[in-house]
Amino acid sequence: MSEGEPPTRLNDLDARLRRLRERTSEGDATPAGREPQSSSAAGFALRIGIELLAALMVGGGIGWLLDRWFGTMPLFLIVFFLLGACAGMLNVFRAGREINR
Amino acid sequence: MDANAAKLIGAGLATISLAGVGIGIGQIFGSYVSAAIRNPAAAPKQFGNVLLGFALTEAVALYALVIAMLLLFVF
Amino acid sequence: MSHGTSPLEQFLIRRIFELHIGGLDISFTNSSLFMIIAVVGITAFLNLSMRKSALVPGRWQSMAELSYEFIANVVRENAGSEGMVYFPFVFTLFMFILFCNLLGLIPFSFTVTSHIAVTFALAAIVFLGVTAIGFAKHGLKFLQLFVPSGVPIALLPLIVLIELISYLTRPISLSVRLFANMMAGHTMLKVFAGFVVALGIWLGWAPLAFIVALTALELGIAILQAYVFAILSCIYLHDAMHPHH
């Protein structure tokens with residue numbers, strides 16, 4: 001093996017590595033596609049909490065409106081509140097899946 | 001026998017299940033103590049399971065209480 | 001009971017502000033008041049304790065961090081690291097039940113979790129949410145949960161029926177466990193308090209000493225029941241995420 005080969009291959013590798021690093025560091029401002037680093041972990045947790053709360057409130061609201069229009073007892077309120085809870089947990093599940101991908 | 005007497009007898013019969021609960025709780029803590037004496041180093045890690053088992057067994061006693069209350073006050 | 005108050009009177013719900021909207025009675029009751037006190041207490045405890053965020057924690061910060069780490073370990077151990085997404089939910093559940101249980105030990109207060117309506121709502125949310133997650137993640141293969149491996153074909157229908165029934169009783173057992181513990185504990189405290197009054201000043205010391213011991217036990221049970229609710233929620237979550245036995 002000649003002496004000149006390894007250095008040129010190494011220099012070529014070096015240049016390629018530098019280019020790749022520049023490219024990824026520019027595209028590094030991706031949103032929630034990456035794992036949450038320390039600054040956005042709190043944001044992620046807040047998003048989960050709000051997903052649960054919002055689903056419960058929306059479910060309860062829809063149930064209450066249906067109760068008003070049909071004049072039934074708190075039947076629809078309870079049913080849609082629980083459906084809202086299911087939907088909230090499903091949203092948390094989907095949010096978790098997209099974070100871990 | 002009128003309904004009230006039957007209710008009271010039923011509520012009393014519901015407490016028979018407490019015998020099983022007493023045996024169960026004693027079993028949990030007894031086995032924890034005898035295992036802890038054999039392997040004292042590994043004992044503190046299992047204490048959470050001991051408390052969980054105790055609470056689950058105790059819950060059966062409370063189901064009996066709820067049944068007794070149902071019999072006495074709801075029916 | 002003879003004249004005087006019965007030991008069950010502490011569980012009466014009293015309205016503080018009347019409020020009727022659209023045919024629904026949503027008055028502000030003593031139950032709502034203590035739920036608000038619990039939530040404000042939790043928020044104040046966690047926010048004020050973490051205000052300094054010192055590297056070497058003081059006492060309050062240590063307590064806040066301990067409660068966080070305790071539940072984080074419970075969730076990670078029982079639901080796996082993919083279950084950590086549900087950590088805010090389990091932590092909220094644990095802290096809410098813990099504070100509601102503990103607030104009930106204050107004399108003349110009201111125990112929110114001593115009503116089956118409250119505990120059943122919490123247990124129903126956990127059960128339905130966990131089942132929804134199971135179906136969302138595995139589709140119809142989630143029903144593998146009811147078919148344990150290594151069962152002879154002849155016994156299969158019976159086993160599946162038994163497993164299905166025991167799965168459907170999960171929310172009931174979860175809610176009744178918490179409700180009955182709280183209600184029975186507080187009822188016993190009031191019954192023995194009645195004995196203290198009835199026995200007068202000469203013999204009233206014995207039930208009073210028993211009440212002191214019982215209150216210590218109730219303190220332990222308050223914390224234990226919150227822990228058991230949280231850890232069972234994590235175990236049900238694990239079952240939903242990994243239904244194959």
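User: How are the labels and the model to be read?
Analyst: Residues are numbered from 1 along each chain as its sequence is written, and chains are lettered from A in the order in which they are written. As the model is predicted, local features need pLDDT of at least 70 and side-chain atom pairs count only at pLDDT 80 or more, while totals for chains, interfaces and linings use all residues.

User: How many residues does the contact take from chain A and from chain C?
Analyst: Two residues are in contact if their C-beta atoms, placed from the backbone, lie within 7 Å. Here chain A gives 17 residues and chain C gives 16 residues.

User: Which helix supplies the largest share of the side of chain A that touches chain C?
Analyst: Helices are DSSP runs (H or I, at least four residues), numbered from the N terminus. The largest share, 10 residues, comes from α3(A).

User: Is A:Ala87 buried or exposed?
Analyst: A residue is buried if 20 or more other C-beta atoms lie within 10 Å of its own, exposed if 12 or fewer, and partly exposed in between. A:Ala87 is buried, because 20 other C-beta atoms lie within 10 Å. A:Ala87 belongs to helix α3 of chain A. Leaving aside neighbours within four places in sequence, A:Ala87 is in contact with A:Ala55 and A:Gly59.

User: How far apart are A:Ala87 and A:Ser40 in sequence and in space?
Analyst: A:Ala87 and A:Ser40 are separated by 47 residues in sequence and by 24 Å in space, C-alpha to C-alpha.

Conventions:
Helix = DSSP H or I, 4+ residues; strand = E, 2+ residues; numbered from the N terminus.
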